[in-house]
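Welcome to this short briefing. Please have a look at the sequence and the model below, and then we will walk through some of the packing together.

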Amino acid sequence: MTSPLEDDDDAPEGLLRVVIGEDPPDRLDKALVREVPEEAALSRSRLMKMIEAGHVLRDGQPVTNPKARVAEGEAYDLIIEVAEDAATLPEDIPLDVLWEDADLIVVNKPVGMVVHPAPGSYSGTLVNALLHHFGGALSGVGGARRPGIVHRIDKDTSGLLVVAKSDRAHHGLARQFEKHTVNRHYLALVHGVPSAADPRLRGVKGASFEQGGILRIATHLARHKTDRQRQAVVWNEGRHAITRARVLEIYGTPETAALVECWLETGRTHQIRVHMAHAGHGLIGDQTYGGKRRVAPKAVGDAAAEAANQFPRQALHAATLGFLHPVTGETLQFEAPLPPDMQALVDLLRRDG
């Protein structure tokens, strides 16, 4: 569990409190890797350096041994130094705004837009656009490069994001994401059909079916051992991750692709993409996890097969987002239609499949 420190006038900027959860790993570095939220963007190597530098505190005292034993319920304060990279500047970039008030904004992020500045992407990001839109008024909790950001979606994934304009909204939204009470549903186009009637799928470790033919995938996820840009399914380390998926439409004769609705019980990096690939139903267009699988022209027709096999990104869209307004308590629910590229592919698959 994690939360920014509140009501502490002496807390330095960039201080993150981490509370050790149930059944923790047997050493500090592994426990922190498990508990620190994805939004903090702290790799294991960076956490190790923070421990060694005395930037991990327990009861106000540095803990410099990464192998130190931990216990459930212990609280650690992480001092996160703000990087001094290029300044994040406002940029006049159009935004598709679904909701905005004094505390938060909900936007429909387009394909190709990075959420916040990072090495190699210091301009053209959602944060650059938001700084211009608000005249710089965003929650400072996320630091200089991530103001207001409480969750992310990949550059090549489209769809809904909520961003905090005030610190009180940031804290309230962060708690909802931490408790997994935010309702997030995605639409994805996948290879094959994840059906309960498929005996192969019933034999995939971590996969099971719930009432209504809902596929449940439960694994741990961790950084790939040889490719640090990827995530991998693991069993004895990493972070617990649960994805559910339901088939909405089936395409092809024989059946060769499907539109599925996916929702997250946890929110890990690349979770849907990794889990669907693990189940043998990688996303169409996913060059990282989709493998070399192709849609056969004989199943859906030449035009649809060509469009699917040349789709330039993972066919994934954050379609719905629901949460409690962190200040007013109002229940908010938003929907964003499929972006033009995914809708065009669906239309072809429906027509020819």
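A residue counts as buried here when its relative accessible area is under 20%. With that cut-off, Leu126, Val127, Asn128, Ala129, Leu130, Leu131 and Phe134 are buried in helix H3. Please keep in mind that this is a predicted model.

**Helix H3 and its surroundings**

- Helix H3 spans residues 126-134 and is mostly covered, with seven of its nine residues buried.
- Strand S6, strand S7 (104-109) and strand S8 (158-164) are what the buried residues of H3 pack against.

**Aromatic rings**

- How many aromatic pairs does a search of the whole structure find? The search gives two.
- One of them joins tryptophan 99 and phenylalanine 334 in an edge-to-face arrangement, with 6.1 Å from centre to centre and 65° between the planes.
- This pair links distant parts of the chain, since tryptophan 99 belongs to strand S6 (residues 97-100) and phenylalanine 334 to strand S16 (residues 331-335), 235 residues apart.
- Tryptophan 99 counts as partly exposed because its relative accessibility is 25%, and buried means under 20%.
- Phenylalanine 334 has a relative accessibility of 8%, so this residue counts as buried.
- Phenylalanine 334 also pairs with phenylalanine 323; that pair is tilted, at 6.2 Å centre to centre and 35° between the planes.
- Phenylalanine 323 lies in strand S15 (residues 316-324) and phenylalanine 334 in strand S16, so this pair ties together parts that are eleven residues apart in sequence.
- Is phenylalanine 323 buried or exposed? Phenylalanine 323 is buried, as is phenylalanine 334.
- Taken together, Trp99, Phe323 and Phe334 make up one aromatic cluster.

**A charge over a ring**

- Where does the charged end of lysine 205 sit? You will find this charged end over the ring of tryptophan 235, 4.3 Å from the ring's centre.

**Helices H1 and H2**

- Helix H1 (residues 28-35) packs with helix H2 (residues 44-52) at an angle of about 130°, and their axes are 10 Å apart.
- H1 and H2 are therefore oblique to each other, because an angle has to be over 145 degrees to count as roughly antiparallel and 65 to 115 to count as roughly perpendicular.
- The crossing in which H1 passes H2 is right-handed.
- On the H1 side, Leu28, Asp29, Lys30, Leu32 and Val33 take part in the contact, and on the H2 side they meet Arg44, Leu47, Met48 and Ile51.

Conventions. Residues numbered from 1 in each chain as written. Predicted model: local features only at pLDDT ≥ 70, side-chain atom pairs only at ≥ 80, totals over all residues. Heavy atoms only, no water. Phe/Tyr/Trp six-rings, centres within 6.5 Å; stacked < 30°, edge-to-face > 60°. Helix = DSSP H or I, 4+ residues; strand = E, 2+ residues; numbered from the N terminus. Buried < 20%, exposed > 50% of the residue type's maximum accessible area, 1.4 Å probe, protein only. Lys NZ or Arg CZ within 6 Å of the ring centre and 35° of its normal. Axes fitted to C-alpha atoms, helices over the stretch in contact; angles between N-to-C directions. Parallel < 35°, antiparallel > 145°, perpendicular 65-115°, else oblique. Left-handed = near helix turned anticlockwise from the far one by under 90°. Contact = heavy atoms within 4.5 Å.
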